[in-house]
Amino acid sequence: MIESKAIETTLGTRVVMEYQQGTLDLFLAREDTETYKPSVFITATSLEDIRHEGELVYSPNKGNYEIVWEGSNSPEDWEDIEDAVNNMLTDACFSPVTVKVVFSAEDVKKMLDGTVLDESATVKVYDFNTKEESEAFLKGLAEGVGWHEHYVVSRDEEWMLPEHLRDK
């Protein structure tokens, strides 16, 4: 790959990658399917202005994504396209998210006062495979407001957590 750039739009993200063989134009649609995976539409344009269009789909046999090109022909000599697209989609879909939550009224009060918590603080760390999973968890947690005290820690506030719970 020679160069790549990403452009955010209201409908999704457009990624343009320049290769020796031509240009690869990817569009990650924001519309989520029931499995929370974005759709990825691909256009490969060779130096001879030959266009190939396709879509990235999950292949249960391979255990990852593969490009399904429209028609019977696929771009020649672009072996690394599928790997590049797979890596990009994996990053987009499976970017791990960590959520740190302080529980107990006493510890929440300390956080709100800007006090550094000690080792006895009730802090839980939750790891999620995707942003969507973490957002669903946070919605569920918000439903507990009034039933229990909690505080979701932002990146800017991690300095108030016990040292072993801070991101390095």
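**Salt bridges in a predicted model**

Let me begin with Glu106, which at 54% relative accessibility counts as exposed, where exposed means over 50% relative accessible area, buried under 20%, and partly exposed in between, with a 1.4 Å probe and protein chains only. What you see is a predicted model, in which local features need pLDDT of at least 70 and side-chain atom pairs count only at pLDDT 80 or more, while totals for chains, interfaces and linings use all residues. Residues are numbered from 1 along each chain as its sequence is written, and side-chain values use heavy atoms, with hydrogens and water left out.

The side chain of Glu106 meets that of Lys110 in a salt bridge, at 3.8 Å from N to O; the term stands for a side-chain nitrogen of Lys or Arg within 4 Å of a carboxyl oxygen of Asp or Glu. Both residues lie in helix 2 (residues 105-113), four residues apart, about one turn of the helix, and Lys110 is partly exposed at 23%. Helices (H or I, at least four residues) and strands (E, at least two) are DSSP runs, numbered from the N terminus.

Helix 2 also holds Lys109 and Asp113, again four residues apart, whose side chains form a salt bridge at 3.1 Å, N to O. Lys109 is exposed at 51%, and Asp113 is exposed at 52%.

How many salt bridges does a search of the whole structure find? It finds three, and one of them joins Lys100 and Glu158 at 3.3 Å, N to O. This pair links distant parts of the chain, 58 residues apart, with Lys100 in strand 7 (residues 97-103) and Glu158 in the segment after strand 9 (150-153). Lys100 is buried at 5%, and Glu158 is buried at 10%.
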